[in-house]
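Reader: Hello! Could you walk me through a few details here, one question at a time?

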Amino acid sequence: MLKVGDKLPEFEGFNQDGETVTSSKLVGKKLVVFFYPQANTPTCTVEACNLSDNYTKLEKAGFQLLGISGDTVKKQKNFHSKFAFPYDLIADENRDIIEKFGVWQEKKTFGKTYMGIVRTTFIFDENGVCTRVIEKVTSKTAAEQILEG
């Protein structure tokens with residue numbers, strides 16, 4: 001998994017509108033990249049809505065936000081439209097970005113072991129250097145966790 005001091009990996013992905021988003025265009029402003037397992041699921045929705053509800057505070061603190069999951073562009077579009085998120089959601093179906101950040105890991109739920117996205121938030125400075133990794137994301141207070149850093 002990416003750690004503090006690591007550079008923002010180079011990546012390219014499609015947002016909810018099918019437009020290309022490249023990591024090189026995200027440098028220059030503080031950046032929050034949050035990974036979530038699946039669009040429109042209860043916990044992911046709580047996290048994404050908490051970030052949306054606190055978007056003005058995050059923006060005032062100088063942050064730009066980017067959400068990433070392995071969902072399709074269509075699923076991201078539905079999720080984005082349904083809740084009118086003020087930030088982009090990236091559809092990483094081939095897990096290229098997910099793998100670069102190291103969040104595709106073994107998980108256990110109800111005694112079953114499987115591979116999946118581990119809910120993680122990465123914070124980068126204006127130079128694209130990771131300054132914080134939040135591994136224990138609390139969906140209901142995700143924005144507060146970012147702001148308290």
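This is a predicted model: local features need pLDDT of at least 70, side-chain atom pairs count only at pLDDT 80 or more; totals for chains, interfaces and linings use all residues.

Reader: Which side chain meets R119 in a salt bridge?

Author: R119 sits in the loop between strand 7 and strand 8, and its partner lies in helix 1, 72 residues apart from it. Both residues of the pair are buried. With 2.7 Å from N to O, the side chain that meets R119 is that of E47.

Reader: Is C44 buried or exposed?

Author: C44, which an unreviewed UniProt entry annotates as "active site", belongs to helix 1. Leaving aside residues up to four places away in sequence, C44 touches Y36, P37, Q38, F79 and R119. Its relative accessible area is 2%. Buried means under 20%, so C44 is buried.

Reader: What ties helix 3 to the loop between strand 1 and strand 2?

Author: K77 lies in helix 3 and D17 in that loop, 60 residues apart in sequence. Their side chains come to 2.7 Å, N to O. K77 is partly exposed at 34% relative accessible area, and D17 is partly exposed at 43%. The tie is therefore the pair K77 and D17.

Reader: Which residue in strand 5 is the bridge partner of I68?

Author: Strand 4 and strand 5 pair in the parallel sense over four bridges. The chain gets from strand 4 to strand 5 through helix 3, in a right-handed β-α-β crossover. On strand 1, which runs antiparallel to strand 5, N15 has I90 as its bridge partner. For I68, the bridge partner in strand 5 is I90.

Terms used:
Residues are numbered from 1 along each chain as its sequence is written. Side-chain values use heavy atoms; hydrogens and water are left out. UniProt positions are given in the numbering used here, feature names are shortened, and annotations may be inferred rather than shown by experiment. Helices (H or I, at least four residues) and strands (E, at least two) are DSSP runs, numbered from the N terminus. Buried means under 20% relative accessible area, exposed over 50%, partly exposed in between (1.4 Å probe, protein chains only). Contact means heavy atoms within 4.5 Å. Two strands pair if DSSP finds at least two bridges between them. A crossover is right-handed if, with the strands pointing away from the viewer, the path from the first strand over the helix to the second runs clockwise. A salt bridge is a side-chain nitrogen of Lys or Arg within 4 Å of a carboxyl oxygen of Asp or Glu.
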